[in-house]
Amino acid sequence: MPHKIIKPELLAPAGNFEKLEIAIHYGADAIYLAGKDFSLRNFSGNFTDPELMQAVRTAHDANVKIYLACNIYSRNHEQSHIRTFLEKIGQIQPDAIIISDPGIIMLAQEIIPNIDIHLSTQANTTNFNTARFWQKLGVKRVNLARELSLDEIAEIAQNAQNAQNAQNAQIETETFIHGAMCISYSGRCLLSNVLSNRDSNRGLCSHPCRWKYAVVEELRPNEFHPLMEDSRGSYIFNSKDLCMIDHIPALINAQISSLKIEGRMKGINYLASVVKTYRNAIDTYMANPKGYKVKEEWRRELFQVYHRAYSTGFYFGNSEEQSPNYENIHQGKIHSFIGKVLACMEGNCFLVEIRNKINKNDRIEILTPKEPAMESDILKLSDPNQNPIENAQPNTRAIMEFAHPCQPNDIIRKI
């Protein structure tokens, strides 16, 4: 008997408060973020304690959930600090805390038993018995290892559902569907530790997998031999980016609870495009599974953001999809992002925060949450005092008139 199609959660990253607002605006069901300590993205800005409080209020007002990362592997000297951090989380009241370290799971169950625990992908859960093990220890959701195929994921999800029925306790599954991939096993890598003394498992990764390399023969120390190089160097560890936009039905029918976008360190232009695209795709499929088709506009949207070569990772067991991005190819438009709408004014005039230079004669497109990107001429360009100007510079604000309506937090791009 066919299983009932259940709509998965769309989970988006937020490295700061502006990204949180963008993720909410473009349709995320839930957002993962971190405080200033104990997460694996210490360079993404992150949130102070008051900002975390405000983030939870802002998200909950929009009926969006917040998951707070505390997913480092901790050391002895940090145990009292982690206790204090967990006590703060009890006051902040996110919907869940993301953990990889069993010791922190134990402390969380002791200190904040009312907050759900989500197991990080760092814990490399690769089978349904491991998922059941964590379920018995009180974990609500498991972010599965990236090394799994879709068939393996579906089997874990199905067994999780069976366990739920037998024990009347829910164990959810979560997988990444878009963004950068780590070259190492479930993200647990020591390259950064060895080469730059920055611990990747404690949020300090220097990304040496993206560096360029050459081979040196022992007796010829000054002769560097290239490895499948381009004009900039060789990239023997450099992974491709994950993109599953062509496989939304397969992901949903695998009964995965949450589809996760990577990118707490990415900008708001990237975040808006990716969240919007997957939101539209999921909603379109759920509205009409039998009539569902991938829209070319979704592919165009994802290909115009700055990215490495796309692949489907380990989902379908294709070795070519899993191979490194040897040539370090980047695609997409880096400088097309102009800014975001701050406020609506009379008519089709809008106050825009400018991030890259825009000229009066440039043509733009407006990225709204639900409709395809809309093209427009700039009908009027002025400073905030409504004085006409020929161009607007980065880190300023400008009033712009378009042929189409906008709303606050819409993204403006130059064509």
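The protein exposes about 19200 Å², and carbon and sulfur atoms supply 50% of that area. Accessible areas come from the Shrake-Rupley method with a 1.4 Å probe; for residues, only the protein chains shown count as cover. The model is predicted: local features need pLDDT of at least 70, side-chain atom pairs count only at pLDDT 80 or more, and totals for chains, interfaces and linings use all residues. Residues are numbered from 1 along each chain as its sequence is written, and side-chain values use heavy atoms, with hydrogens and water left out.

The protein has 11 helices and 23 strands. These are DSSP runs (helices H or I, at least four residues; strands E, at least two), numbered from the N terminus. Of its 415 residues, 51% count as buried, meaning under 20% relative accessible area with a 1.4 Å probe, protein chains only.

The largest nonpolar core has 91 residues. Such a core is a set of buried Ala, Val, Leu, Ile, Met, Phe, Trp, Tyr and Cys residues joined through side-chain atoms within 4.5 Å. Leu-20, Ile-97, Leu-251 and Tyr-278 are among the residues with the most contacts inside it. Helix H9 (residues 268-287) gives the most to this core, with 10 residues. Apart from this core lies another, of 17 residues, including Phe-350 and Cys-406.

Next, Thr-173. Thr-173 sits in strand S7 (residues 172-180). Thr-173 is buried, with a relative accessible area of 3%. Leaving aside neighbours within four places in sequence, Thr-173 is in contact (heavy atoms within 4.5 Å) with residues including Arg-141, Ile-156, Gln-255 and Ser-258.

Technical notes:
Buried < 20%, exposed > 50% of the residue type's maximum accessible area, 1.4 Å probe, protein only.
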